[in-house]
Amino acid sequence: MNVIDLRSDTVTQPTSTMRQAMANAKVGDDVYGDDPSINLLESIAAETLGKQASLFVTSGTQANLLALLVHCQRGDEYIAGQLSHIYCEEGGGGAVLASIQPQPVDNEEDGTLCLDKIQSVIKDHDDFHFAKTNLLCLENTMYGKVLSLEYLHRTNTLAKSNKLHTHLDGARLFNAAVKLNCHARDITLYFDSVNVCLSKGLGAPVGSILAGTEDFIKQARRWRKVLGGGMRQAGIIAAAGLYALEKNISRLSIDHENAQTLSNKLSDIEELDVKTDWVQTNMVFFKTKNDNNAQLCDYLNKNGILVLNEPFIRLVTHLDFHESEIDTVVGAIKQWCVT
Ligand SMILES: Cc1ncc(COP(=O)(O)O)c(C=O)c1O
């Protein structure tokens with residue numbers, strides 16, 4: 001059976017040309033700073049993200065955790081969305097490993113955090129009853145939704161007037177930049193640090209980039225070693241990241257178009273409630289009007305169309321999903337709805 005995997009954009013397979021770049025990579029011991037491919041990736045990524053320096057790390061989770069470790073001390077707290085990945089889906093790493101307390105704030109429907117709500121949870125550092133609020137984390141894209149530059153400007157102003165550091169979980173930052181038709185730097189300028197995943201829409205098999213000031217990255221490099229994330233001849237995987245940054249950013253618009261087409265076609269099916277206004281980049285969310293998402297997911301999965309149900313059914317487009325497969329997916333969903 002030909003499987004169509006729409007669970008996430010993390011499922012992509014490295015292409016043969018990406019594998020070729022990996023095979024040909026010049027490598028060295030990166031713990032000694034000797035890996036030319038990693039050094040090149042870190043300098044290109046820093047430049048692309050408009051930061052002084054960057055660090056190649058194993059995953060988005062590790063990048064976010066390093067940001068917490070560098071920005072915050074034991075007994076500090078960070079503000080993040082109630083639904084954000086850093087708060088909900090990273091095993092509570094900041095609390096588990098560094099005694100950093102999260103202060104969640106409800107996400108609004110559009111993925112933003114309300115500025116008044118952020119302001120209301122910032123604690124007075126001089127009052128020893130409270131953890132010290134030290135960091136504001138935002139996520140962009142958030143469930144495929146893009147935060148506007150104007151919103152980022154306002155949150156940055158609020159954060160700085162309260163002496164907070166700012167971190168962006170930009171696992172899908174380039175999807176946001178492509179959607180806004182701006183440079184990644186136009187987004188990252190509102191943040192002290194940023195995580196970008198190479199292994200999501202960009203199609204690399206492993207790795208994320210954490211970017212910030214020289215001093216921030218120096219400290220993150222130390223923490224990465226403490227976490228066991230110092231890698232040796234990892235230029236082999238950095239080469240895939242370099243390839244991804246060079247070749248796979250502008251094509252993200254294809255994933256966005258495919259998501260839009262999927263959403264348009266699914267919204268013609270009477271039995272479904274499609275979150276059409278959420279479709280801004282590469283994710284489509286919908287549910288069945290009869291509340292039987294689980295049965296539909298089960299049917300799709302058994303028929304080789306892999307999706308997640310969380311609690312909306314989620315379809316994520318990516319470079320291994322082709323326009324020609326849209327009708328197969330829509331047809332299978334229609335078929336289930338009429339039987
Ligand atoms: C928004 C967001 N941030 C961070 C991560 C963590 O990335 P990783 O799976 O590489 O740890 C993910 C993973 O899906 C994510 O979606």
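Mentor: Buried means under 20% relative accessible area; exposed means over 50%, and partly exposed lies in between. Keep in mind that this model is predicted.

Trainee: Why does Trp278 count as buried?

Mentor: Its relative accessibility is 8%. The cut-off is under 20%, so Trp278 counts as buried.

Trainee: What makes Tyr143 partly exposed?

Mentor: Tyr143 has 28% relative accessibility. That falls between 20% and 50%, so Tyr143 is partly exposed.

Trainee: Is Phe285 buried or exposed?

Mentor: The relative accessible area of Phe285 is 4%. Under 20% means buried, so Phe285 is buried.

Trainee: Now the rings. How many aromatic pairs are there?

Mentor: The count is four aromatic pairs.

Trainee: Why is the pair of Tyr143 and Trp278 called tilted?

Mentor: Start with the distance. The ring centres are 6.3 Å apart, and rings pair if their centres lie within 6.5 Å. Now the angle. The planes stand at 55°. Stacked needs under 30 degrees and edge-to-face over 60, so this pair is tilted.

Trainee: What makes this pair a tie between parts of the chain?

Mentor: Tyr143 is in the loop between strand 5 (132-139) and helix 7 (149-161). Trp278 is in the loop between strand 9 (272-274) and strand 10 (283-288). Those parts are 135 residues apart in sequence, so the pair ties them together.

Trainee: How do you know which kind of pair Tyr143 and Phe285 form?

Mentor: Their planes are 25° apart, and the centres 5.7 Å. The distance is within 6.5 Å and the angle under 30 degrees, so the pair is stacked. This pair also links distant parts of the chain: Tyr143 in its loop and Phe285 in strand 10, 142 residues apart.

Trainee: Which residues do ring pairs link into a cluster?

Mentor: Tyr143, Trp278, Phe285 and Phe312.

Trainee: What lies over the face of Trp278?

Mentor: Lys145 does, at 3.6 Å from the ring centre. The distance limit for a charge over a ring is 6 Å, and Lys145 is within it.

Trainee: Which helix gives the most to the lining of the second largest pocket?

Mentor: Helix 11 (235-247), with five residues. The second largest pocket holds about 240 Å³ of space. Its lining divides into nine nonpolar, two polar and two charged residues.

Terms used
Residues are numbered from 1 along each chain as its sequence is written. This is a predicted model: local features need pLDDT of at least 70, side-chain atom pairs count only at pLDDT 80 or more; totals for chains, interfaces and linings use all residues. Side-chain values use heavy atoms; hydrogens and water are left out. Rings of Phe, Tyr and Trp (its six-membered ring) pair if their centres lie within 6.5 Å; planes under 30 degrees apart count as stacked, over 60 as edge-to-face and the rest as tilted. Helices (H or I, at least four residues) and strands (E, at least two) are DSSP runs, numbered from the N terminus. Buried means under 20% relative accessible area, exposed over 50%, partly exposed in between (1.4 Å probe, protein chains only). A charge sits over a ring if NZ of Lys or CZ of Arg is within 6 Å of the ring centre and within 35 degrees of the ring normal. On a 1 Å grid over the protein atoms alone, a cavity is a set of points where a 1.4 Å probe fits but cannot get out, and a pocket is an open set with protein on both sides within 12 Å along at least five of seven lines; lining residues have an atom within 4 Å of a point. Grid points are joined across faces, edges and corners, and a volume is the space filled by probe spheres set on the points. Ala, Val, Leu, Ile, Met, Phe, Trp, Tyr, Cys and Pro count as nonpolar, Asp, Glu, Lys and Arg as charged, and the others, Gly among them, as polar.
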